[in-house]
Amino acid sequence: MRMLRPCVLSAVLIAALAATSCKREAAPAATTTPTPAPAATAPPATPPPATAAQRVFGQEELDQMVAPIALYPDSLLTQVLMAATYPGNVADAVAWSKAHPDAKGDAAVKLVADQPWDPSVQSLVAFPQALATLGQDPGWVQRLGDAFLAQPGDVMDAVQRLRRAAQAAGNLQSSEQQKVTVVPAQAAPAPAPSGGDGGSAPPPPAPSETIIQIEPSNPEVVYVPSYNPTTVYGAWPYPSYPPAYYPPSPAWYPGSALVAGLAFGTGVAVADALWGDWDWGGGDVDIDVNRYNNINVNNRLNANQNTWQHNANFRGDVPYRDARSREQFGQQRLPGADQRQQFRGNDAAHQANRDRARQEMERRGFDAPAASNRQAQERAREAGRDIQNRPGGGGLESRPGQGGAGVQRDASRERARETAQARTQQGSQRDHARDVAQSRGDRAGQAGTHRDAGTRATQHNAQARNVARNESRSQPLRMQHSQANQPRMQDHAQQRQRQEVSRNNAFDGARHPQQSRQQVERGQASRQSQQRPQSQRSGGHQVQRSAPNRGGGGGRRNH
């Protein structure tokens, strides 16, 4: 056993040394082997295109919007797209162009140098034809500018789709007004030929990889084309999004009835009005700084400011459509805009005071003020429903959260309601007593009339002979008597009307206390007279009447 232990220990040491040597040999091999991971995770050369969720407008909407201007020359098209991002300025420029119909070209741009417009809008007054088209639909102009801010690359892709469609339909080709050029999408200089290697030339680009450029045939004279978008592009592929057609102005396109194809009106001579152009390879707007500074003498640019940037200060109160544009341009404010908030009471101290006052009102049981008219109306309806649902048509229970203040307000309303009802009942009792007294007087008068009926019957025959004789003579007297009594009858009718109005008025006694006391005393006297024994009641007023004339012959004859 003692001889086996050294052998076992030696075997264990040999195995450990062998394992250590294997690890040392495997480590260098792992470090020298290249891994393909960095190549797989390398960032792409171009940013990925925007997803459908990030797009503000779809392809069919973009084609619909750019269809009326997609066949403009590149420089004019770019100028229109830049100006459309300021729809308020474009509307002002349209109004100015209508007020100055003879202004065009560079001279018109210099006339509006002092207007508070963006330079891209000022340059459009050189082309009254284009402003006449933009002025027919301000909503379309705003949507066009929003699309150019949110998706400039997609907008220009839509332009190329429509140009290829017009070219395929035979309606876009070079002429004496414009020059149409088809260039590869990735234009690059051809490599120098080498003598040794005979490399094959690259294949020609596919039609979808070409760019159609439109330029004026004469760089100093620009013709604005006019066409019908529903026919110039052939069959329109989006029936649900038909393009709009804005007819041209007869002043600039005399006698041009468009059916298909392009019509060109009067050319506009310009030198510096068009200073922007779309960079089809770079995807932005390039600015010719020299032309820009020649025409915009009051707002010059540096030599390195050769790329157009949207200026939110000329946007005015027109909101941005998408969230990204609002975040990118909406925070730009004029100098001193933050200081104006203090003069409006929107600083931190005033806001803290308002919060403390609101908390104190809530602690005392008052509701917070309504934040809108709709909220105030809803609260009023809830209050009406609470009053109707209370026991007895509105008890003293208060609404939840009102505390003692609600109980006091409900108690005050109940007391006012009970007081009004009591006064109404008192007025009804007084009116009833007055009606009873009047009816009794009428019955007494009717009894006297029956007693005198026999006496008047004996005089009827004697007076009948005089009726016919005196009828013609008494008619004028009756008319005078009725005219004399007419004011009194009107006064009586007005008095009755006032009594009827005040009968249901609970507060009439408060306005006329003396009249109210007289009515109460008269009612009390009537009740006391009614409560006396029958023996003590008077038989009424005795009426004295003259004895009837029993002599014959009737009345005295008038000779």
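Which residue forms a salt bridge with D146? The partner is R321, and the closest N and O atoms of this pair are 3.4 Å apart. The model described here is a predicted one. Its protein chain has 20 helices and 8 strands. Of the 559 residues in the chain, 27% are buried. Among contacts with a separation of 6 or more, 70% are between residues 24 or more positions apart.

**Helix 9 and helix 4**

- Helix 4 covers residues 74–84 and helix 9 covers residues 138–150.
- The axes of helix 4 and helix 9 are 7 Å apart, and the two helices pack at an angle of about 100 degrees.
- Angles from 65 to 115 degrees count as roughly perpendicular, and helix 4 and helix 9 are therefore roughly perpendicular to each other.
- On the helix 4 side, the residues that meet helix 9 are L81, M82 and A84.
- On the helix 9 side, V141, L144, G145 and F148 take part in this meeting with helix 4.
- Sorted by class, the contact of helix 4 with helix 9 has 6 nonpolar residues, 1 polar residue and no charged residues.

**Helix 9 and helix 10**

- Helix 10 runs over residues 152–168, and its axis comes within 5 Å of the axis of helix 9.
- The axes of helix 9 and helix 10 cross at roughly 115 degrees.
- A147, F148, L149 and A150 of helix 9 are in contact with P152, V155 and M156 of helix 10.
- The contact of helix 9 with helix 10 is made up of 7 nonpolar residues, with no polar and no charged ones.
- F148 of helix 9 meets residues of helix 4, and F148 also meets residues of helix 10.

**Helix 3 and its cover**

- Helix 3 spans residues 59–66, and its buried residues include E61, L62, D63, M65 and V66.
- Helix 9 and helix 10 are among the elements that cover the buried residues of helix 3.

**Salt bridges**

- Side chains of opposite charge can pair when their charged atoms come close.
- The whole structure contains 6 salt bridges, according to a search.
- One of the salt bridges joins the side chains of R163 and D74, with an N to O distance of 2.8 Å.
- R163 is in helix 10 and D74 is in helix 4, so this pair ties together parts that are 89 residues apart in sequence.
- R163 has a relative accessibility of 0% and so counts as buried.
- D74 is buried as well, with a relative accessible area of 6%.
- Another salt bridge is the pair R321 and D146, at 3.4 Å between the closest N and O atoms.
- R321 lies in the loop between helix 12 (289–295) and helix 13, while D146 lies in helix 9, so the pair ties together parts that are 175 residues apart in sequence.
- R321 is partly exposed, with a relative accessible area of 39%, whereas D146 is buried at 3%.
- D146 and R321 also belong to a network of salt bridges, in which they are linked with R315.
- R291 forms a salt bridge with D288, and the closest N and O atoms are 3.9 Å apart.
- R291 is partly exposed, with a relative accessible area of 32%.
- D288 is also partly exposed, and its relative accessible area is 32%.

- S325 is found in helix 13, which covers residues 323–329.
- Is S325 buried or exposed? S325 has 1% relative accessibility, and buried means under 20%, so S325 counts as buried.
- The side chain of S325 makes a polar contact of 2.7 Å with the side chain of D322.
- Apart from its neighbours within four places in sequence, S325 is in contact with L149, A150, Y320 and G330.
- L149 and A150 are residues of helix 9 that meet helix 10, and S325 is in contact with both of them.
- S526 lies in helix 20, which runs over residues 513–531.
- S526 is partly exposed, with a relative accessible area of 25%.
- S526 and R434 are 92 residues apart along the chain, and their C-alpha atoms are separated by 8.8 Å.

Terms used. Residues numbered from 1 in each chain as written. Predicted model: local features only at pLDDT ≥ 70, side-chain atom pairs only at ≥ 80, totals over all residues. Heavy atoms only, no water. Axes fitted to C-alpha atoms, helices over the stretch in contact; angles between N-to-C directions. Helix = DSSP H or I, 4+ residues; strand = E, 2+ residues; numbered from the N terminus. Parallel < 35°, antiparallel > 145°, perpendicular 65-115°, else oblique. Contact = heavy atoms within 4.5 Å. Nonpolar A, V, L, I, M, F, W, Y, C, P; charged D, E, K, R; others polar. Buried < 20%, exposed > 50% of the residue type's maximum accessible area, 1.4 Å probe, protein only. Polar contact = N/O pair within 3.5 Å; in protein donor to acceptor, adjacent residues only side chain to side chain. Salt bridge = Lys/Arg side-chain N within 4 Å of Asp/Glu carboxyl O.
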